[in-house]
Structures are given as structure tokens and as C-alpha cells.
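Could you walk me through this model in plain words? I'd like to know what to look at, piece by piece.

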Amino acid sequence: MSRARVLAGTSAVGSERRPYSLRRRLMAASMAAFAVLIALLSAGLWTYARSSANQTYDLLLRGAAIAILERIAVTPEGIDIDLPPSALEILALDQEDRVFYRVVDARGTTLTGTPDLPTEGFFERSLPLQEPIFFDSLYSGETVRFVVNGRTLLSADRPQWIGVQIGQTRIARNAMEADLILKGLVPLAALSIAGVAMARAGIGFAMRPLAGIERDIRERQPNDLEPLGTAPPREVESLITAINGFMRRLDVSRGQAESFIADVAHQMRTSLAALYGHLEAADRPGEAGSRAVARARDQARRTVRLTNQLLSHAMVIHRADKEMFQTTDLGELVRRLMEEIVRDDAAGGIDFAVEMPPPPIAPRVTGDPIAIREALRNLVDNAVRHGPPDNQITLRVTATTLAGRPAYAIGVEDCGPGIAPADKPKVVERFYSSGPGGGSGVGLAIVAAVAESHKGRFDLSDRQPNGLSATITLPETPPPGPVSMP
Amino acid sequence: MTARSRIVVFGAIAALFAVAVVPVLVFGHRPDAPQRTVIDVWSATDRSAMAEILAGFEAAHPGIAIRYTEYNTSELREAVLAARQKPDVVVSSAMDLQVELVNRGLASPVADVPETPEWSRWREELFGFTQEPVALVYNREAFSKRPLPSTRSELAGMIRDEPSFFDGRVGTYDVALSGVGYMFATQDAQRGFQAPRLVESFGRAKAKTYCCTNDMVEDVASGRLVLAYNVIGSYALERVRRDPRLGILLLSDYALVFTRSVLVTKDSDDKAAAGDFVRFLLSDAGQALIDESSSLFPLVASFREGQSFFETRFEGSTSLLPIRLRPSLLTWLDERKKAKFLHDWKASIKGPPKDDREAAPKKT
């Protein structure tokens, strides 16, 4: 019953929110990666295009400057400037660009050409001699690329710097730049589109096994808990293994639950049939009738106890499923339990003792306090029921280890008759009851279930000269891994 | 020459019509009455050559009137640069000066202009609309008994060999006075190694220099000149067809071809109408008008027909060398370059110094 609720819970959670899509995530990631890549490449492409367009056309400017400088000579009449037609011809090769030029001396006086060309302060720096200066400047309503180069004229009196400044609008450069960018971007964009398409196809191909697994699970009958048959890809192998493990446990526990229900039904039926029999007999007159009434009362009491324990058992198992673990102070728990037992104790002749580990050890475990308390309560009840009226019952908490991990052992010792060695494995099974005044046969099964749900253990041992020691050992923190179903 | 400003007849009639009729039709002033857009065209082209074209444009665009102002080429440039109120359209045969105006950023692009040869347009701002070869005009009677020169080299050789025949009877442009004359001379200098020799031979022959093609053609017709070198072929051809005394020849080594060009100024306040004028000039209708009713040669028709267009009109077979509407023309506008060229040209055209001249007769 409890498992059915767990399953219903998971499917309810699944349908509440629309699940994310792995395909969409992969697509988004690959497209984002492509976008970043294209952005980076475009930036690089732009820089490259600009510098190569500049380089190409700067060579023309430089050549024109050389052609003009070459035709400047010193004559007896002064500086002779014979502007070669080739200089402007070079710059006018089928282009839309406007050109500007001037020849200047070291003081910035324009000897010929357009006097108002922008200098961008190159006269303040060292004047170029062999290596030209290039700069962009706004002139005549457009951005103009300028070159300045110069040479030293050797005249009679002293050497004299003479320079030429040539400007060309950027139309051809910008066209070349745009062309280079376009020629780079088109294949890049095609590549990206192809990449995204291939990524999409690849993702679909990679996801196909998952769809197969999904179909396998979806198309199953509700009671078909066979392991998944498909050979899973490595990436989801552990997921499939986990699903298969889960299904195996589900299968086992469903079997247990079925047998539990069958057992419970049988016990209840037997118990109620006995009660009915006693009540039938109660009609008889005389002593036989009153004996039957006493037996009926006794039977009713046992049935109530059986019912309580079955409910307790079911609760313990239910709580183990729900993982209600918390830090539990065993000392506090044992003290309260003891107070309760002493208060309820009808016998009154029993001597109870509690032994705790010496300080500073504070016995704490991570566990379900209610389940632990229930287990201890059952152990004490057993000790009371099976022991003599002057029983001595000791609850002892000791620090120990379990499978290499720190743990606490809680022992309940009595002076009763103990359990025969052959019976010890059987008593932890459900509905196995031994000896006279035997209980429902559920109590030790509850203890065993609690020990198992805490990854602990439950031991029964004999005491000398007589008596039984029932010890439940709980790890301080349960080791990781799935909580096994009892 | 001073600037003569004239409002085109159609514009004047329209204005008269508006003044006379509108008040009769409606009482009072109507500010929203349809008005004709007036565009200013400043041009260095003979008015007679342009009149039919302007009339054709106004007929095709009734909403636009043209105010046509004529200049010579050098004046035109100065006027455009100096004007506070720029004209809408500038038309000139001086390609170098037009390129300079565009290079200064004074022109504005015109869209959807019909396709023309690549050399005849620049930046979609400057458009050539004619194609006119530079030719040689000669007096038929003077050359009736002697062969015509076929190349520049031959011409220089003839002048050198027969100084008495050519003495004072050769004409060419005064390059200091005429913008186109300067452009022809500089293009000759740039293209042909014969150019200095030819100018020198003109100097020896005491060549006369002129401001204009028409004056030269007139003197050739009257026999004062035997030939005139570097005349505008279109203007000359018109005279030659009417006058049997004249012959016109393209020298076979090369013939320069120049184009009259038009631009719309950046400051024009009606670029759409100005653009319409440019598109009209290069439209089939405009080009047909240029061909039929003006002395100019259309660009598109002559471009389509190729060499044969000129071979049917001129004597001699030649290779045509179009002058390209490109910034390389600016080279010759450089002050230093121009001063130097004019100085050299003047020195050559004046003829050799005296002691040289005394030596010259001994040779012959």
C-alpha cells in the first residue's frame, strides 16, 4: 500500500511541471557556441579587412607620393615642382575617390596644391623622410586617408626638407573592406547553418536510444517489472542500472507486501475465529461458561495487541520509506521510554536499569526517533512478557563500530528463559511466536525492520546463567546508498 | 567676355502668362497656384548649340523652366567658386575644371542616369553628354596641289620643310586664354612625344593664336590661315558643311575626344528638377535632339556606333583617345605645373630667339 503511494507520488511530480528538453538544451548550447564563434570571427574578419584594404590602397598613396617627390628639384631659380600626371593617375584608376595633394616645406608653407589640408599635428612630430605617415581625417565632408612623406633637398646653402601630402577619400577602401567582410561572412554563415543543422541531426541520432528506453517503459503492463532489455549507451548506463535495480527492489517488496497482507489476513481470521469460538462457548452454563468468557477476553486482548503491532509494523516500514531521519539523542529517547514503561508497568515487581556510556560520549544517531522508540518498546515488552515476575531488565547504550563506522549498540537484557538457538533465526520472522504466553509474533520483526532501515543490525544472544540479550546496533550516520526495503 | 544672363524664351512666356492671365481668372493672389520651378544653368557652351536642347527639355518637363547663363570656361569656374547663390546645374566643355569642381565636393550625385561609357562619368556626379573629337581644319584651295599631313610628325615636318608656305598661316588655340585650348595642349603633351616638336614648329612658322574655334575656322575659310590645329570638331564641322572652302581632318596618329559635362551642385535647392535635366541630356530623346538640332555630337549614339560615327563625318581614319573625366586632369591645374607649361609653351610658340632666326634662312 505504501509503495503504491510512492509510485503515484513520483508520477504526480512528473506531470506538474513541463520537463526540460535535452534536445533543446543541446541545440541552444550549440547555437550559442556558434553565435559566439561567429561574433569572434567577424570581429577578426573586420580588423583583417580594414587593415588589408588600408595596406593595399596605402601602397598606391605611397607610390603617388614617391612619384611627386621624385619630380621636385632645386634649380637656380628655386624649388622646381613638376607634378607628374602619373601620380594622380595612379590614384584615379577607375575609382570614385576624390584626391587632394599639396607640396609643403618644413615650416608648413604650401608650395603648390590645396593649402588647407588637415595636418593632424604631424609638423609637431618628426617630419617623415623615408617612412611615410598615414592618417585618416575629416576633410571636405568625407573621411580622407592622407599620406605624408618627404625628402631632403640638397641645395647650395643648406639641406632642406620638402614634403608632399596626398589625400584620397575612402570609397574604394570601404568597398574593398565590405567585399572582404562579405566574402568571409558568407561562408562563415553557411558553415554555421550547416553546423547547427548537423548538430541537430547528431543530437537526434544520439537521443534515439533514450526514446527506445522510454517506449519500452511506457508500453509495459503495470505489473511487468522485468529489467530493461535495451543495451544502454554508456552515458545513461548507470541510469538504466538504477532503474533496473529499482524495479528489482520494487518486485521483491511487492512480493513481501503480498505475503504480509496474506499473513495478516490469515492471522486476523484465525484470531477472530478463536474469539468467536470462545464467545459461542460462553453461552454454556456454569463454570465452563465463565471460563470461556475469560478465554474470550484473553483472546480479544491478544487480537487488539496483534492489531496494534501490525499497525506499528506497517508504520515503521512506511516511515523508513519516507526518509524521516534526523539527529536523535539515544540517551533522551531511552530515558523517556523508561519513564513511560515504569508508569505503565502493571507488574511492579520488575527491576529496570539504564546504563549510558560515560560522558563526554553523547550517543546520537541519525535516524527516525519514532521507529527506534517503537523497536525498543517492543524489546522491553518482550522482556517483560517472557521474563519472571521479579525480572531484571537493563537497557544499555554502548559506543561500538559497525562495518568500520562509528555506531551505538542499544541492548535490552532480561533474566527470562531466553530463546533456544534453533529458534533464534525464526523469531524475527513475522507471526513466529514461541513459548508459552508468546506474543503476536510481530514484535521482533518490527525490531529487525527498524535495524535494517537504519542500515544497522539486530542480534539476539544468551546471557549467563539465564536470560536474553537483544541488541540493536545503529550507525551514527547511515552509510550512503539506497535504503533497502525490509 | 562678360557674363550674359538670359531667361529662356519659354520661361519668359510662362511668366508673362502667369502675370497676365492669373489675375483675370481669380481675383487676388493665390499662393498655391502651380508655379514653374526655375533652375539655374550656368554653361560654357555656345547658346546656339544649346537652344534646341533647352527647348526640348522644357517641352518634356512643362513644370520646369531654365534660366540659362553663358560664360566662357575659365570665367565659369571662377563664377561658380565665387557665387554665394550657386547655380543648380553647371555645363562646361572644360573637363579639367569640371573635375576640379567635383573634387572640391561641390557636386551632388544624380540617380538613374542612363548608361554611358565609364570614362565619361565620374562618381555619379559628373556626366559627359557629348563626344567631340579635336580636329584639324584646312583651306581646301591651299592644299589643292599638295598632300595633307596625316600625322603630327608629318605636319611638323611639312612646316619645317616649307616655312614660306606656312609662315604666319597656321592657327591654334592661345592656351593661356582658352581653357579647352589649354586642355588640348596638355593632353597632347601628356600623350605624344611629338607635341614639343610640333609646338616648336608652330613657333618657327609664327603661328597665330586664337581664343575660339569659330575665329580660327573663319580665318581658314578666308584664306588668312592654311590650317588650324586643335579645333573643336563639332563646331568646326557645322561651318565646314556649309562652306566648300573648308576641309576637316582627324590626324591618323590619334584624335583627342573630349566630352561636354554636366553636374548638379550640392547647394542646388531643386536637385530633383536639376537631376531631370541631367537625365534628359542623356536620355534617348535628349541625345537625339543633340544629334539632330545642335552642332554637338551626342555621346550615346556615337558611343554605340563607335569609330564609324566619326569616319562618316571627318576625313581621315584614326584612333580616338577619349580624355577621361578623372582626377588625373587635376595635374595640369596645379599652379606650378600650369605656370611652367605656359612658360614653356609661350617660349616655343614665340619662335626661336633672334640669332636662331638668322641662322634659319641659311638652312632653306
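**A walk through the two chains**

Start with helix α4 (residues 95–103) of chain B: 8 of its 9 residues are buried, so the helix is largely enclosed by the rest of the structure. "Buried" here means 20 or more other C-beta atoms within 10 Å of a residue's own, "exposed" means 12 or fewer, and "partly exposed" is in between, with C-beta atoms placed from the backbone. Helices (H or I, at least four residues) and strands (E, at least two) are DSSP runs, numbered from the N terminus. The buried set in α4(B) is B:Met95, B:Asp96, B:Leu97, B:Gln98, B:Val99, B:Leu101, B:Val102 and B:Asn103. Just after α4(B) comes B:Gly105, with a positive phi of about 85 degrees.

A word on the numbers: this is a predicted model, where local features need pLDDT of at least 70 and side-chain atom pairs count only at pLDDT 80 or more, while totals for chains, interfaces and linings use all residues. Residues are numbered from 1 along each chain as its sequence is written, and chains are lettered from A and ligands numbered from 1 in the order in which they are written.

Now slide along chain B to helix α9 (residues 213–222), where B:Thr213, B:Met216, B:Val217 and B:Val220 are buried. Seen down the axis of α9(B), these buried residues fall within an arc of 95 degrees (taken from the directions from the axis to the C-beta atoms), so they line one face of the helix. The buried residues of α9(B) pack against β8 (132–139), β9 (170–173), β10 (208–210), β11 (227–232), α10 (233–242) and β12 (246–249) of chain B. After α9(B) you meet B:Gly223, whose phi is positive, near 90 degrees.

That takes us to the largest nonpolar core, with 130 residues. Such a core is a set of buried Ala, Val, Leu, Ile, Met, Phe, Trp, Tyr and Cys residues joined through C-beta atoms within 7 Å. B:Ala135, B:Val137, B:Val170, B:Leu227 and B:Ala236 have the most contacts inside it. Two residues are in contact if their C-beta atoms, placed from the backbone, lie within 7 Å. Setting aside neighbours within four places in sequence, B:Ala236 touches B:Ala135, B:Val137, B:Thr213, B:Val217, B:Val231 and B:Ile248. There's also a second, separate core of 38 residues, which includes A:Val365, A:Val412, A:Ile446 and A:Ala449.

Over in chain A, look at helix α8 (residues 369–386) and helix α10 (residues 443–453): their axes come within 9 Å and cross at roughly 145 degrees. Axes are lines fitted to C-alpha atoms, for helices over the stretch in contact, with angles running from 0 to 180 degrees between N-to-C directions. Among the residues that meet there are A:Ala375 and A:Leu379 in α8(A) and A:Ile446 and A:Val450 in α10(A).

Where do the chains meet? The contact takes 15 residues from chain B and 15 residues from chain A. Helix α15 (residues 335–349) gives the most to chain B's side, with 4 residues. B:His343 sits in α15 of chain B and is exposed, with 10 other C-beta atoms within 10 Å.

Finally, the totals. Chain A has 10 helices and 14 strands, and buried residues make up 23% of its 486 residues. Chain B has 16 helices and 15 strands, with 48% of its 364 residues buried.
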